[in-house]
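Open the model in your viewer and keep the selection tool to hand. This tour goes stop by stop, saying what to pick and what is there.

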Number of protein chains: 2
Amino acid sequence: VIAIDWGTSSFRAYRLDRGGRILEKREAAQGILSVAPGTFGEVLEQQIGDWDDAPILMSGMVGSRQGWREAPYVQCPAGLRELSQHFVEVRRGVWIVPGVSYVDESGVPDVMRGEETQVLGVLDELGDDALVCLPGTHSKWVRVRGGRMTAVRTHFTGEMFAVLKAHSLLGRMIEEGPADERAFAEGIDRSGDEGGLLHHIFGVRTRGLFGVLGGAQGASYLSGLLIGHELRAAPEREQIHILAAPALAERYACAASLLGRRSTRLDSEAAPRGLFRLAREIDEL
Amino acid sequence: VIAIDWGTSSFRAYRLDRGGRILEKREAAQGILSVAPGTFGEVLEQQIGDWDDAPILMSGMVGSRQGWREAPYVQCPAGLRELSQHFVEVRRGVWIVPGVSYVDESGVPDVMRGEETQVLGVLDELGDDALVCLPGTHSKWVRVRGGRMTAVRTHFTGEMFAVLKAHSLLGRMIEEGPADERAFAEGIDRSGDEGGLLHHIFGVRTRGLFGVLGGAQGASYLSGLLIGHELRAAPEREQIHILAAPALAERYACAASLLGRRSTRLDSEAAPRGLFRLAREIDEL
């Protein structure tokens, strides 16, 4: 089986053996945003055309409206079976895994695309009822019960940091630089004060104005504020399973620990495992 | 006395009689951002050079680092006396009113510049202990006790709306258009759900994605979300005194009412009255 994690900004292909072990991995900066409509097949050929003929299963934004072809969301609860029943075949032997949608108690929808496959890749490491956090531009929080995903909640954390830094008045107080652990911890701390997020972020400006913190500290403080607000929205006594690349996972684990929350870090290369499991679900592959 | 409210994007001058009544008003789009450093005096001359010679008192961003000259913040508690003791004379007979700063229980500073003068203009309409809300790009919430301002809390509401609309993924879901009252009310409602602001704003995208709301509705929904979060941060049983131009005041009063909060609207042309009262404080004028 060939497993492909094709997201907004990157392309990752894995050649797997019959046991799901990775024989070869290829990575390229050819996310779907850099692929011209109608040329997904060609790009795929360029990237892995020399690999042996094998069934190809893809997850991620490649299945969005802006991708190769839209694979409509499958509603929660969704597990291996529900997703595999809704694969979209884009050419003979090449399938896309659908994303997952959820509607909360207030009737507001939420979605993910790509993360569902990562979660399936770590199922073995989760208990019967677990909360998985996949931080990022749009952090996804996924409830897993009995092997199926039962709820999705997105936080705008990463994108919020980026737009405030690049386009708001706070930008002047925020510079690139090494992370400042103390400023990060102060942001985490502050996120528990009264006043709410819209008030707290103004503190990035006023602290800068009064010289309490400089540029790179401002970035860490804002990061702490946002991640603090995100983590505080999770149930207090619950273990948080963090699934992200090492640096980001470390940052969330540190934040969780500062808040007295229990957390575990999961192996971040979960997509090929999830794709392998999904591939086994159907006879055709 | 000549009272001038000179902010970031506008210049407003009032010629007042000895009783504080407005004899004449002039308004121009010459906020401090459009004035070249070192030319504030010339701009003032152009705008009101033909008015009779009289003491001139100015408030607003004209006293910031980017303005005519910096008038350092006066710390809370601050009233007529404290502010008038710290006027900055930029030329003979021309004074700038300082802004007000506050440090909260957590040691985080907050500031305002211009709003302090508006609050002084409505002192008569407030009881001995009142909470004034001045919505805007940066909404200011001011606690007034015994005629003095004792605390300041800023919310990033207006700027947050603007940057999310112009620079985030949500922008595609948000179009200019007539306000949609129902979508606004849904946003207000949503702001009380669990998950927090970073989660709630992602709903602007997913609702759009599933066709629950269109462009102009998206803008009203986001506005409701943000204002809802801002208002919910205020003490629950307290009367909110809203000081803003009519359309914005109406929007906040409507939001307060949807949340079951009591609110009163104050006359929005409070700056010249505040400046008149400040002018009476000192003998020199």
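Start with chain A and select helix H7 (residues 202-209) and helix H8 (residues 215-232): their axes come within 10 Å and cross at roughly 155°. Axes here are lines fitted to C-alpha atoms, for helices over the stretch in contact, and angles run from 0 to 180 degrees between N-to-C directions. Helices (H or I, at least four residues) and strands (E, at least two) are DSSP runs, numbered from the N terminus.

A word on the source. This is a predicted model, in which local features need pLDDT of at least 70 and side-chain atom pairs count only at pLDDT 80 or more, while totals for chains, interfaces and linings use all residues. Residues are numbered from 1 along each chain as its sequence is written, chains are lettered from A and ligands numbered from 1 in the order in which they are written, and side-chain values use heavy atoms, with hydrogens and water left out.

**Stop 1: H7 and H8 of chain A**

H7(A) and H8(A) are therefore roughly antiparallel to each other. Angles under 35 degrees count as roughly parallel, over 145 as roughly antiparallel, 65 to 115 as roughly perpendicular and the rest as oblique. H7(A) passes H8(A) in a right-handed crossing; that is, the near helix is turned clockwise from the far one by less than a right angle.

Now show side chains. From H7(A), A:Gly203, A:Val204 and A:Arg207 meet A:Gly218, A:Tyr221, A:Leu222 and A:Leu225 of H8(A). Contact means heavy atoms within 4.5 Å. By class, the residues of this contact are four nonpolar, two polar and one charged. Ala, Val, Leu, Ile, Met, Phe, Trp, Tyr, Cys and Pro count as nonpolar, Asp, Glu, Lys and Arg as charged, and the others, Gly among them, as polar.

**Stop 2: H8 and H9 of chain B**

Switch to chain B. Select helix H8 (residues 215-232) and helix H9 (residues 246-258), whose axes come within 10 Å and cross at roughly 70°. That makes H8(B) roughly perpendicular to H9(B). The crossing of H8(B) past H9(B) is right-handed.

Pick B:Ser223, B:Ile227, B:Glu230 and B:Leu231 in H8(B); they meet B:Arg251, B:Tyr252, B:Ala255 and B:Ala256 in H9(B). This contact has five nonpolar, one polar and two charged residues.

**Stop 3: between the chains**

Show both chains. Each side brings 43 residues to the contact: 43 from chain A and 43 from chain B. Together the chains bury about 3,800 Å², 68% of it on carbon and sulfur atoms. Buried area is the accessible area (1.4 Å probe) that two parts lose on being put together, summed over both. Colour A:Phe156, A:Leu198 and A:Phe202, which supply 19% of the area that chain A buries against chain B, more than any other three residues.

How many salt bridges are there between chain A and chain B? The count is four. A salt bridge is a side-chain nitrogen of Lys or Arg within 4 Å of a carboxyl oxygen of Asp or Glu. Zoom to B:Asp104 and A:Arg190, a salt bridge at 3.0 Å, N to O. Then pick A:Asp104 and B:Arg190, whose closest N and O atoms are 3.0 Å apart in another salt bridge. A:Asp104 lies in the loop between strand E8 (100-103) and strand E9 (109-112) of chain A and B:Arg190 in helix H5 (residues 181-190) of chain B, so the pair joins two chains.

**Stop 4: two cis bonds**

Most peptide bonds are trans. Select A:Cys76 and A:Pro77: the bond between them is cis, with omega near -5°. A:Pro77 lies in the loop between strand E5 (74-75) and helix H2 (80-84) of chain A. In chain B, a cis peptide bond joins B:Cys76 and B:Pro77, with omega about -5°.
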